[in-house]
Amino acid sequence: MSTDPADPAAGTVMDGLPLTDHHCHGVVGTALDRDGFEALATESNWPGPAGTSMFDSQLGFAIRRWCAPLLDLEPHAAAEDYLARRLELGPDAVNRRLLGAAGLGTLLVDTGYRAGELTSPAQTAALAGGIGREIVRLEHVAEQVAAETTPSSFGADFAQALGLAARDAAGFKSVAAYRCGLDFDPSPPPARELERAAARWLGRPGSAGAVPRLADPVLLRHLLWTALELGKPIQFHTGYGDAELDLHRCNPLLLTGWLRATRAAGVPMMLLHCYPYHREAGYLAQVFPHVYVDVGLAVNHTGSRSPAVIAELLELTPFHKALFSTDAIGLPELHYLGAALFRRGFGQAAERWVDGGDWSVQDARRVASLIGCRNAARVYGLES
Amino acid sequence: MSTDPADPAAGTVMDGLPLTDHHCHGVVGTALDRDGFEALATESNWPGPAGTSMFDSQLGFAIRRWCAPLLDLEPHAAAEDYLARRLELGPDAVNRRLLGAAGLGTLLVDTGYRAGELTSPAQTAALAGGIGREIVRLEHVAEQVAAETTPSSFGADFAQALGLAARDAAGFKSVAAYRCGLDFDPSPPPARELERAAARWLGRPGSAGAVPRLADPVLLRHLLWTALELGKPIQFHTGYGDAELDLHRCNPLLLTGWLRATRAAGVPMMLLHCYPYHREAGYLAQVFPHVYVDVGLAVNHTGSRSPAVIAELLELTPFHKALFSTDAIGLPELHYLGAALFRRGFGQAAERWVDGGDWSVQDARRVASLIGCRNAARVYGLES
Amino acid sequence: MSTDPADPAAGTVMDGLPLTDHHCHGVVGTALDRDGFEALATESNWPGPAGTSMFDSQLGFAIRRWCAPLLDLEPHAAAEDYLARRLELGPDAVNRRLLGAAGLGTLLVDTGYRAGELTSPAQTAALAGGIGREIVRLEHVAEQVAAETTPSSFGADFAQALGLAARDAAGFKSVAAYRCGLDFDPSPPPARELERAAARWLGRPGSAGAVPRLADPVLLRHLLWTALELGKPIQFHTGYGDAELDLHRCNPLLLTGWLRATRAAGVPMMLLHCYPYHREAGYLAQVFPHVYVDVGLAVNHTGSRSPAVIAELLELTPFHKALFSTDAIGLPELHYLGAALFRRGFGQAAERWVDGGDWSVQDARRVASLIGCRNAARVYGLES
């Protein structure tokens with residue numbers, strides 16, 4: 001047994017609050033060897049240089065520190081011991097222990113990425129002991145439609161497919177940031193331009209019979225305008241991610257034109273991750289009534305530094321506009337740490353503000369509950 | 001009476017130092033209902049989503065915490081109670097109490113925005129118990145000239161009007177950031193280009209007989225080059241503001257070409273606000289001899305986080321190049337908090353540096369006085 | 001004697017660790033008057049406004065605080081006393097005391113800038129009591145080749161000269177950031193385009209018989225592709241520097257295309273300085289296996305704030321990807337402070353993470369040694 005198994009958030013104002021993770025993914029249900037585990041513990045698409053390990057990072061240290069005790073190891077257990085214990089317990093037990101300890105009440109699960117390798121929303125939620133809802137990825141739906149449509153019917157076929165996919169979904173997700181950058185023309189593309197773009201896309205052969213990757217800005221914009229009609233919140237990848245994106249083209253400020261164009265419609269725009277542009281995102285959340293922000297992903301990857309990142313997000317962001325998410329994918333460590341470190345980071349920030357006299361304890365508790373779950377409940381129409 | 005009415009800056013190295021607010025606006029002289037108050041407590045141009053309040057922000061919490069005791073309420077008073085007490089006291093008493101508590105010795109007041117709704121420099125200064133001077137907004141003068149000029153005489157008419165307006169002014173202000181972004185061509189526009197641009201502008205009908213808004217980069221550049229001739233400091237809006245601007249086009253680094261073009265002239269260029277580009281602004285202040293910076297506006301809106309923002313500004317900025325401002329407008333709460341939180345933020349940072357052994361107490365006091373008023377006195381030629 | 005001569009890093013986890021400074025320059029061997037000293041203590045190319053001093057900055061305060069005791073003065077000695085004592089001791093003694101106190105085991109010295117005015121790698125290393133190795137500046141070699149080449153033979157002549165220059169060098173340095181910005185086309189320029197660009201460059205007369213400054217993006221790209229062939233690490237100036245660069249065009253993210261194009265080659269790309277884009281640089285270091293980062297230069301210039309900057313660098317950067325450098329040039333104060341403040345900054349950050357339970361002390365020591373020297377040894381193939 002560990003000598004100090006404590007949750008990092010123990011004793012803070014968010015301790016014990018069931019969180020709504022408004023953006024995450026499923027976990028891998030099979031056993032992971034070292035390479036497989038390390039690949040999921042970084043945003044890199046390649047292994048590190050010879051002789052190095054992804055465990056030598058804030059996330060790696062956080063896993064060894066905070067997750068090891070949940071697998072009956074000492075805090076700071078060696079990476080090898082941690083991975084061996086993981087194999088010994090087996091994926092189901094590991095997933096159950098870590099997801100179960102995350103304290104998630106509701107999980108909104110993005111099903112549009114590596115869906116075949118990951119647990120479904122219902123499975124993920126069951127492991128966590130919470131309720132699961134689906135987030136529908138626009139590009140994924142479009143790529144599924146691609147196989148059975150024509151340039152002239154793409155618009156209608158996509159609208160129908162999206163309507164169907166959205167019936168039980170909590171919201172949508174756009175990865176335009178990855179595909180063309182956020183500096184796209186925000187206006188709805190005219191029908192003729194749409195058809196021409198669809199023809200280009202559908203006429204291009206995918207590799208090995210696969211659907212060609214959707215990366216045309218005209219089509220990506222069209223997906224967004226179609227989703228807007230359906231009225232559900234639209235999540236945007238913004239800020240950092242893997243090496244496929246150009247980070248400087250994922251600055252959420254590049255969405256300013258889109259946010260202006262959609263303000264009157266009132267559909268919530270959820271800016272995910274945002275790091276290192278989370279202060280910029282806070283500005284957008286303050287000035288646009290329909291904009292919401294989080295620092296999911298960054299909390300996990302900045303580990304011991306995550307309290308500073310969370311505090312920065314809360315500079316300009318109104319407290320009814322910040323949400324919690326983990327962006328966890330593959331490893332249940334990411335769900336657990338994403339939640340535990342967020343609780344701690346918000347808790348420490350709030351505590352400092354209370355101690356400094358700026359906030360009352362009552363306000364700190366109320367803001368904890370807004371950010372932890374009540375804002376998500378309001379925006380997505382969830383039972384809270 | 002409050003149980004803890006203390007000024008947030010009590011006991012710090014800037015406590016009690018009369019400050020020169022080198023950029024602020026007047027206050028509203030009439031009673032404000034909840035909507036009117038909330039609209040002035042955010043940079044948003046629209047109300048928040050149903051069921052939310054602008055009081056749920058760092059600024060809102062700071063108002064309830066630090067201003068409430070000045071109106072005889074408990075710290076952290078409820079928003080409703082705060083607004084009710086404000087109405088009970090009446091605008092004059094509220095303005096007098098809050099502005100009077102700000103400890104401002106000199107106020108440089110921008111008169112080019114909502115002038116009709118706000119107190120004049122003299123009135124504002126009287127409420128604060130300080131001395132008022134005017135900052136002349138270039139675009140405002142140009143828009144006044146527009147009614148009685150022609151394309152070919154615009155250059156001369158503007159120069160004359162600006163000369164007149166500047167006679168007693170402490171300096172100028174440019175809102176090119178709002179009108180065209182800071183990535184404008186920094187060279188002086190040739191006479192012919194100027195005339196063509198003036199013709200386009202003057203030929204465009206304003207709404208309801210109003211002067212058409214000046215947004216042409218050619219004209220905006222011309223205003224700056226005209227102001228430069230007069231030798232007084234030129235303030236630039238940079239960084240965040242309301243939803244009319246594109247924040248990524250308000251990065252002060254986009255002024256680099258302008259700063260190079262004007263360095264030899266030696267006219268001080270005052271970069272206002274800067275957030276979240278205040279580190280970038282600090283670089284400009286270090287490398288260009290005529291560049292000065294502040295984090296007005298951001299201090300108020302980041303509230304409990306403002307000490308961190310102030311400390312970041314002071315990374316690269318030489319201590320003879322940083323100034324204090326509030327950018328307060330409409331609400332005297334913004335003048336009071338802008339000053340009190342700046343005193344506290346600088347004081348805490350300096351205290352930490354003294355405690356860590358990096359700074360001497362004597363140096364901390366001297367820098368406090370440079371940033372608090374002496375730099376402004378030197379740059380604007382004020383009595384100090 | 002000083003009442004408190006302690007090294008700022010005393011007692012921290014990096015205290016006493018011999019550091020490898022993977023990017024610095026030599027020192028001035030002659031006596032410096034006030035103007036000469038101040039010019040080297042800022043990134044500005046011009047003196048400050050009348051009545052101001054570069055000593056009124058974080059760096060100036062750090063010099064007076066931490067370097068004064070090494071010259072037998074009290075901490076926080078007045079600038080005049082400090083400069084007088086410097087003259088009294090003479091440049092050799094000053095260089096020896098300060099460089100000797102820096103605790104540098106190995107110094108990689110950029111010889112391509114002001115080489116005639118500064119000590120050589122061997123001299124600099126001797127003053128420091130360490131081992132010196134050379135970093136070859138690509139643009140410097142090209143400018144030397146310019147005098148004796150033709151447009152059609154430039155490619156071959158440069159390759160030969162670089163091969164020769166690199167024989168004993170530890171690596172290369174590119175200042176493309178200064179010359180054209182980092183947003184250059186990352187592909188290798190075709191031979192014909194190269195020849196045309198060389199003709200333009202060589203046909204342009206330099207001032208007073210001097211070699212014309214190399215600023216053509218085609219040529220600058222070609223230098224990089226030539227260096228890549230030689231397989232040694234390539235250092236890039238990124239982030240802030242003097243007023244000749246456009247800081248927003250020195251964002252390391254603008255290298256993303258170049259990093260993608262060179263990933264498979266595996267040659268280490270060393271992003272220097274990075275401030276204020278060090279979080280962005282950390283992202284690149286995480287996702288690209290061949291990218292390394294430091295915050296040299298910024299540590300000196302942010303002084304009392306440097307612990308915060310170092311902590312931010314270590315948010316996304318894997319610990320096997322961060323390096324130490326001073327970027328010191330001219331003043332041995334910069335070598336000493338660069339090392340002492342880095343030790344303190346890393347030490348304080350690590351201590352906080354250990355105290356907060358996130359890191360073990362053993363891990364903190366191991367990371368200190370990775371960042372302090374072992375990463376450099378691995379990447380540059382140094383004896384460690």
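I started with C:P276, which I found in the loop between strand 6 (269-273) and helix 12 of chain C. The model is a predicted one, so I read every value below as computed from it. The peptide bond leading from C:Y275 into C:P276 is cis, and its omega is near -5 degrees.

Next I checked chain B. The bond from B:Y275 to B:P276 is cis too, with omega near 0 degrees. I located B:P276 in the loop between strand 6 (269-273) and helix 12 (278-287) of chain B.

I noted these because most peptide bonds are trans, and most residues other than glycine have a negative phi. That second point sent me to the phi angles.

**Positive phi**

Which residue of chain A did I find with a positive phi although it is not a glycine? My note says A:D72, at about 70 degrees. A:D72 sits in the loop between helix 2 (58-67) and helix 3 (79-89) of chain A. I also looked up its accessibility: A:D72 counts as partly exposed because its relative accessibility is 32%.

In chain B I wrote down B:D72, again not a glycine, with a positive phi of about 70 degrees. Its place is the loop between helix 2 (58-67) and helix 3 (79-89) of chain B. The relative accessibility of B:D72 is 33%, so B:D72 counts as partly exposed.

**Chain C against chain A**

I then turned to how the chains meet. The contact draws 33 residues from chain C and 38 residues from chain A. Between them, chain C and chain A bury about 3100 Å², with 53% of it on carbon and sulfur atoms. On the chain C side, the residues losing the most area to chain A are C:Y283, C:E315 and C:D358, which together make up 20% of what that side buries.

How many salt bridges does the rule find across this interface of chain C and chain A? I have 6 in my notes. One that I looked at pairs A:R305 with C:E315, where the closest N and O atoms are 2.9 Å apart. For polar contacts, I recorded 18 residue pairs across the interface of chain C and chain A, both residues at pLDDT 80 or more.

I also asked where the chain C side comes from. Helix 11 (256-262), helix 12 (278-287), helix 14 (306-313) and helix 16 (361-380) of chain C each give at least two residues to the side that touches chain A. By class, that side of chain C has 16 nonpolar, 6 polar and 11 charged residues.

**Chain B against chain A**

Here 38 residues of chain B contact 33 residues of chain A. The buried area between chain B and chain A is about 3100 Å², and carbon and sulfur atoms give 54% of it. I marked B:D56, B:F61 and B:R305, which supply 20% of the area chain B buries against chain A, more than any other three residues.

The rule finds 6 salt bridges across the interface of chain B and chain A. I looked up B:E312 with A:R279, whose closest N and O atoms are 2.8 Å apart. The polar contacts between chain B and chain A come to 18 residue pairs, both at pLDDT 80 or more.

Helix 2, helix 13 (298-302) and helix 14 (306-313) of chain B each supply at least two residues of the side touching chain A. The largest share, 5 residues, comes from helix 2 of chain B.

Note on methods. Residues are numbered from 1 along each chain as its sequence is written. Chains are lettered from A and ligands numbered from 1 in the order in which they are written. This is a predicted model: local features need pLDDT of at least 70, side-chain atom pairs count only at pLDDT 80 or more; totals for chains, interfaces and linings use all residues. Side-chain values use heavy atoms; hydrogens and water are left out. Contact means heavy atoms within 4.5 Å. Buried area is the accessible area (1.4 Å probe) that two parts lose on being put together, summed over both. A salt bridge is a side-chain nitrogen of Lys or Arg within 4 Å of a carboxyl oxygen of Asp or Glu. A polar contact is a pair of N or O atoms within 3.5 Å; within protein, one must be able to donate a hydrogen and the other to accept it, and residues adjacent in sequence count only if both atoms are side-chain atoms. Helices (H or I, at least four residues) and strands (E, at least two) are DSSP runs, numbered from the N terminus. Ala, Val, Leu, Ile, Met, Phe, Trp, Tyr, Cys and Pro count as nonpolar, Asp, Glu, Lys and Arg as charged, and the others, Gly among them, as polar. Buried means under 20% relative accessible area, exposed over 50%, partly exposed in between (1.4 Å probe, protein chains only).
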